[in-house]
Amino acid sequence: MKRKLRRVLLYAAALLLAASILGPMLWLFLMSVSANSDLTRIPLEWLPRQWDFSRYRALLSLTPGQPGELFLHALGNSLLVAGFATLISLLLAVPAAFSFSRYAGRDLWLFAALAIYMVPPVAFVLPLYFVLQQLSLLNTHLGLVLVYCSLILPFLTWMLKNQFDALPRDIEQAARLDGLHFWQVLLRITLPLAKPVLGASALFGWLLAWDEFFYALLFTSNLDAQTLPVTIAGFTAGRATDDGLIAAVGILASLPPLLIAIWLQKSLVGGLASGGSKG
């Protein structure tokens with residue numbers, strides 16, 4: 001009896017969790033295919049009277065004057081900036097985290113990086129702005145990539161350092177006895193063991209860059225480098241706001257993270273599991 005009750009409670013908790021995650025996305029989709037009259041109707045009707053997919057066609061069209069011209073350009077900027085920022089941060093975080101994990105006496109630098117990371121972003125606005133201005137990197141992809149690296153790199157270093165601590169060191173010590181140096185041990189021994197960790201870290205780092213809004217708003221001025229969060233905020237400006245259009249933008253903007261998460265699903269689950277099995 002207790003086993004059946006426990007199983008029922010487990011399934012109920014799983015259904016509640018799934019509903020809390022999928023419910024908002026389902027409502028967002030229903031808003032995106034509903035007419036404005038249905039969205040403002042009192043009492044509210046949960047299902048649209050007529051399913052309207054015209055907003056998706058408009059967002060996926062490059063026709064001048066259509067919202068898709070802004071959306072697709074910003075989508076490309078976000079993919080480019082988030083991808084390069086994550087790649088550069090991961091390439092720098094791997095040797096840094098390995099060094100912090102395998103060599104004692106460097107924790108002070110690690111905690112210093114964490115302390116800087118905990119400072120509110122607004123405190124860095126003026127220094128970053130002046131640096132980007134002097135380097136002529138305002139409103140450029142490269143400028144945003146460098147700024148995002150300053151956000152992602154400390155996070156990935158901490159995450160990878162904790163995961164490297166959980167990896168067995170006996171194999172690395174045996175490799176050193178065979179004459180392998182630092183980079184050979186890292187590339188040939190540690191990284192193959194840490195593939196799930198790298199996938200999970202890359203996903204979380206990419207999500208940080210993908211969702212970042214504050215710096216993108218301040219350091220971009222037009223579509224040359226404007227990212228998707230800033231463009232979505234621009235759709236809400238004006239006297240008349242199309243709530244259904246914003247909902248459609250939200251659905252389309254959630255697809256790249258979803259597809260990447262599905263692609264890295266095994267790495268994500270393996271990385272989280274390895275982090276929870278330390279010791």
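**Exercise 1. Find how far apart the mean positions of the positive and negative charges of the protein are.**

Solution. Start with what counts: Lys and Arg are positive, Asp and Glu negative, while His and the chain ends are left out. Next, place each charge at NZ of Lys, CZ of Arg, CG of Asp or CD of Glu. The 19 positive and 14 negative charges then have mean positions 14 Å apart.

A word on the model: it is predicted, so local features need pLDDT of at least 70 and side-chain atom pairs pLDDT 80 or more, while totals for chains, interfaces and linings use all residues. Residues are numbered from 1 along each chain as its sequence is written, and side-chain values use heavy atoms, without hydrogens and water.

**Exercise 2. Work out which secondary structure the protein has.**

Solution. Take DSSP runs, numbered from the N terminus: helices (H or I) need at least four residues and strands (E) at least two. The protein then comes to 14 helices and zero strands. One of these is helix H4, residues 67-102, where Ile-88 sits.

**Exercise 3. Decide whether Ile-88 is buried, partly exposed or exposed.**

Solution. Recall the cut-offs: buried is under 20% relative accessible area, exposed is over 50%, and partly exposed lies in between (1.4 Å probe, protein chains only). Ile-88 has 34%, so the residue is partly exposed.

**Exercise 4. State what share of contacts in the protein joins residues at least 24 apart.**

Solution. A contact means heavy atoms within 4.5 Å. Keep contacts between residues at least 6 apart in sequence; 72% of them join residues at least 24 apart.
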